[in-house]
Amino acid sequence: MASRSQPTTVDEYIALFDADVQAVLRKVRRVVRQAAPHAREVISYSMPALKQNGILVFFAAFKKHIGFYPPIGGDARLEKRAAHYAGEKGNLRFPLDEPMPLKLIATLTRLRAKQDAAKAVNRRPTRRAARRPSRARR
């Protein structure tokens with residue numbers, strides 16, 4: 001990492017790293033954005049993240065790996081595919097000295113987007129929204 005300043009954009013975050021890590025981060029960024037095209041990029045907890053209704057995924061560079069959060073659940077086959085990369089608490093670590101599993105990252109991001117959309121549909125309306133009279137359009 002070149003500096004300890006707090007990034008406010010994903011571009012600023014990527015610029016903090018050496019060129020070889022920047023290239024990997026750009027690939028991961030491209031893959032997650034393609035996998036969740038309706039999500040927007042944010043910086044949260046000083047890491048790049050994609051947000052739709054809630055946070056879909058975070059990714060971050062470390063000395064020897066790219067971290068991918070949150071833990072993935074809800075698809076046993078996919079969990080098995082990702083098990084090789086599981087770190088503590090189920091978060092994933094993709095070693096920088098191995099080929100980046102971009103297809104797996106895309107699949108994981110699509111799963112999180114699907115889970116996020118389902119969660120948003122199942123959320124109850126807030127009390128304030130429930131009290132508002134609906135306005136019928138004519």
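Trainee: What should I know before reading the values?

Mentor: This is a predicted model, in which local features need pLDDT of at least 70 and side-chain atom pairs count only at pLDDT 80 or more, while totals for chains, interfaces and linings use all residues. Residues are numbered from 1 along each chain as its sequence is written, and side-chain values use heavy atoms, leaving out hydrogens and water.

Trainee: How far apart are the end C-alpha atoms of α2?

Mentor: Helices are DSSP runs of H or I with at least four residues, strands are runs of E with at least two, and both are numbered from the N terminus. The expected span of a helix is 1.5 Å times one less than its number of residues. For the 17 residues of α2 that gives 24 Å, and the end C-alpha atoms are 24 Å apart, so the two agree.

Trainee: At what angle do α2 and α4 pack?

Mentor: Axes are lines fitted to C-alpha atoms, for helices over the stretch in contact, and angles run from 0 to 180 degrees between N-to-C directions. Helix α2 (residues 19-35) packs against helix α4 (residues 102-122) at about 40 degrees, with the axes 8 Å apart. That makes α2 oblique to α4; angles under 35 degrees count as roughly parallel, over 145 as roughly antiparallel, 65 to 115 as roughly perpendicular, and the rest as oblique.

Trainee: Which residues make the contact?

Mentor: Contact means heavy atoms within 4.5 Å. From α2 come K27, V28, V31, V32 and A35, and from α4 come L102, I105, A106, T109 and R110.

Trainee: Which residues of α2 are buried?

Mentor: Buried means under 20% relative accessible area, exposed over 50%, and partly exposed in between, with a 1.4 Å probe and protein chains only. In α2 the buried residues are V21, Q22, V24, L25, V28, R29, V31, V32 and A35. Their cover includes α1 (10-15), β1 (40-44), β2 (47-51), β3 (55-61), β4 (65-69) and α4.

Trainee: Where is Y45, and is its side of the chain buried or exposed?

Mentor: Y45 lies in the loop between β1 and β2. Its phi is positive, about 55 degrees, although Y45 is not a glycine. Y45 is exposed, with a relative accessible area of 71%.

Trainee: What about K89?

Mentor: K89 also is not a glycine, and has a positive phi of about 60 degrees. K89 is in the loop between α3 and β5 (92-95), and counts as exposed at 74% relative accessibility.

Trainee: Which peptide bond is cis?

Mentor: The bond from Y69 to P70 is cis, with omega near -5 degrees. P70 is in the loop between β4 and α3 (76-82).
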